[in-house]
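Student: I would like a close look at one residue and the part of the chain around it. Please go through it slowly.

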Amino acid sequence: MSWRGNGPPYRSPQPGPPRGGRGRSGGGGSVVQKPARANECLVPLLPFQSKVRCVQEHKVRNPHRRQFNDALTEVRAHWLDEEVGLLGKKVTECVEFTVSDAESVPEFTPEAATSTAGKVNARVFIVSGISSPATSQSSGRSCQHVLRRMDVIGASYTSGSSRQLSSYGGLVSSGDDASMVKALTELVKKQCGLDLSGVSKWTKMGEILYEGQPNTIYFFPHVWDLPAPLTLLPQVKKTTEEYTEEIEVPVEEEKAEEAKEDEEMKDEEKKVEEEPKKEDGEPTEEKKEGEKKEEKKEEKKPAEKPKPKTVKKTVTKTRTKEEKTSIPTKFTLATLHEYALAQNTSHETVELCTAIDLFDEWLKRDFTMGILSLLEEKQTEAKAKLAEKERRLKEEQQKKRKREEEETSCKKRKQEKVEELRKQWEADDVGKTDEDKKASEKQRDRILKELEDAVRKELSQISEKEKEEADKERRDKKTVSVRIQNLYDMFQYFDRPKGLVATGNTISREWLAQQILALDGGRTFGKCLELVTMHGLHPKSTSFNYGSFTTEEKVVEQKEAAQQDVEEAMQGGAEGETDQEKEEKKEEEEEAGEKDDEMKDEEEAAEGEAEANEGIDEE
């Protein structure tokens with residue numbers, strides 16, 4: 001059974017300038033608000049500490065909502081009393097919900113109350129948690145936004161010509177939280193068959209206060225205590241209706257005899273009419289014999305049983321008709337967060353959207369605290385990584401300096417040898433004729449060439465040795481990137497571009513600092529900036545890449561790395577260049593660099609040889 005077909009489509013916030021004016025009152029008890037911006041993460045939250053919100057503050061905190069009840073007086077965020085960070089840890093676990101097609105519960109009809117005094121409207125807010133991300137076949141990475149992977153369980157029903165949404169619950173006697181939760185549990189079981197009596201922890205999430213009507217309290221059950229899957233049943237309304245139908249019934253005995261006599265008389269008359277007239281006198285013998293044979297055949301045939309006589313009669317019958325009046329449905333958090341409220345939207349749907357906004361703010365607070373804790377942990381790691389980077393840089397510089405010294409020493413020895421040979425050849429040429437000098441030139445050129453080859457070979461051995469050390473380290477171990485999904489989801493929850501598609505995995509550092517500032521902790525904006533810039537390692541004007549920030553570099557053995565490469569290839573390949581391609585590209589660049597160095601050495605050797613030859617010629 002498909003759940004998602006019953007819900008409203010997701011409407012992304014429309015970009016553009018806000019509407020002017022302070023808003024206007026609309027029919028049906030509503031207030032029109034300006035639309036949300038294209039990316040909500042551009043607008044930081046107000047401080048989380050405000051528990052009791054007046055109507056105006058509630059509007060400011062939820063600019064994406066355009067409809068509010070005129071009887072609304074205030075909204076209370078009771079989730080502030082919950083332990084910070086608890087929800088952020090719980091929602092990472094996903095609970096499976098199913099709807100049964102074979103079973104159902106009777107249509108729930110609330111008891112008629114003469115007065116609502118001493119009553120509250122208790123509602124349950126059920127969340128499944130964050131499901132595992134779908135994997136893109138092209139990139140092998142998560143391709144679904146976290147808001148689309150978290151479901152809210154509710155009911156959809158038809159009101160007039162439109163489909164409305166609501167959460168389960170109803171009017172209960174006002175009292176302490178335990179008594180209201182007990183009554184709410186009984187209501188939910190009657191309405192959808194879900195037994196929440198095994199839930200060990202309930203959170204009073206929020207309260208919506210009205211003037212002249214019962215207040216609404218939303219309770220949040222921690223359904224992670226229950227064994228999965230959790231089955232919900234639709235409500236079915238059974239009605240009895242009358243209808244007419246024509247049927248064939250057997251005729252009574254007397255009427256059957258009369259009908260039999262009438263049929264016999266009709267048959268005799270028909271035989272008389274069909275009997276052929278004698279034209280040529282008496283029938284022949286052959287004809288008589290044929291008639292006798294036919295009579296014998298008829299005598300041998302078994303007698304046919306008479307069919308029972310029936311007549312058509314119109315009768316009145318009754319039947320039971322079943323109609324699903326309330327269907328358990330799960331909606332993504334993205335769908336309900338941007339649900340388009342209209343003037344004809346039911347009161348229950350408006351309240352469900354208010355509960356969504358309270359839950360959204362609650363989760364933002366916990367995720368912001370998680371981001372703060374992660375940034376504080378990363379400060380020490382960042383300093384350690386920076387120190388490690390500086391150490392490696394120094395090692396590389398030392399290796400480079402050592403290599404340059406060895407190359408310089410080799411070239412110096414070559415130059416000294418050339419000068420020594422030059423002096424020796426000068427001494428040998430004393431007293432020789434020009435013909436004798438030309439005769440010794442070939443031998444001297446061969447000696448210089450051998451000297452050049454020896455120097456080039458020595459320089460090549462130095463490069464080969466350095467390359468072998470690097471290759472050995474690369475063969476022994478390999479570094480792979482592993483995404484920590486729960487940390488990635490925590491950051492992506494705030495990254496909400498238009499349509500929730502094509503997220504760039506980046507958010508503004510200044511906005512992130514303002515988001516942390518919304519927490520209660522006495523922090524300054526400067527301190528928050530230090531956290532998001534890693535104490536100045538990154539400029540505050542640059543974007544915070546949470547995609548790479550939540551990726552862990554893991555050093556694995558070569559066999560394990562090869563196995564992981566095979567798995568990534570089977571899943572569709574990693575995003576961008578694979579690690580193997582990067583390594584091959586790096587090796588090609590190193591080989592090209594080595595070739596350039598060799599060419600430079602050859603040019604320098606050729607220049608030295610030319611200079612030596614010129615000196616010899618001059619001598």
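Which does T345 count as, buried or exposed?

Tutor: T345 counts as buried, because its relative accessibility is 15%. Buried means under 20% relative accessible area, exposed means over 50%, and partly exposed lies in between, with a 1.4 Å probe and protein chains only. This is a predicted model, in which local features need pLDDT of at least 70 and side-chain atom pairs count only at pLDDT 80 or more, while totals for chains, interfaces and linings use all residues. Residues are numbered from 1 along each chain as its sequence is written, and side-chain values use heavy atoms, with hydrogens and water left out.

Start with the place of the residue. T345 sits in the loop between α6 (333-337) and α7. Helices (H or I, at least four residues) and strands (E, at least two) are DSSP runs, numbered from the N terminus. Leaving out residues up to four places away in sequence, T345 touches Q164, A340 and V350; contact means heavy atoms within 4.5 Å. A polar atom of the T345 side chain also lies 2.7 Å from the backbone nitrogen of A342. Along the chain T345 and R163 are 182 residues apart, yet their C-alpha atoms are separated by 9.1 Å.

S167 is buried because its relative accessible area is 3%. The contacts of S167, again beyond four places in sequence, are R123, V124, Y218 and L352. With Y218 there is a polar contact, side chain to side chain, at 3.1 Å. A polar contact is a pair of N or O atoms within 3.5 Å; within protein, one must be able to donate a hydrogen and the other to accept it, and residues adjacent in sequence count only if both atoms are side-chain atoms.

Helix α7 covers residues 347-428. In the largest nonpolar core, which has 92 residues, F125 and F359 touch the most other members. The largest share of this core, 15 residues, comes from α7. A nonpolar core is a set of buried Ala, Val, Leu, Ile, Met, Phe, Trp, Tyr and Cys residues joined through side-chain atoms within 4.5 Å. Beyond four places in sequence, F359 has contacts that include L87, V91, F125 and L333. In soluble globular proteins, nonpolar side chains tend to be buried together.

Further along, α7 meets α11 (residues 525-532): their axes come within 9 Å and cross at roughly 65°. Axes are lines fitted to C-alpha atoms, for helices over the stretch in contact, and angles run from 0 to 180 degrees between N-to-C directions. Here L372, L375, E376 and Q379 in α7 meet E530, L531 and V532 in α11.

A382 also lies in α7, and A382 counts as buried because its relative accessibility is 15%. Outside four places in sequence, A382 is in contact with M534 and L537. A382 and H535 are 153 residues apart in sequence and 9.4 Å apart in space, C-alpha to C-alpha.

Last, a word on confidence. The chain averages a pLDDT of 76, and 71% of the residues score at least 70; pLDDT is the predictor's confidence in each residue, from 0 to 100. Residues 135-141 have pLDDT below 50, and residues 611-619 stay under 50. Where pLDDT is low, the predicted coordinates should not be read in detail.
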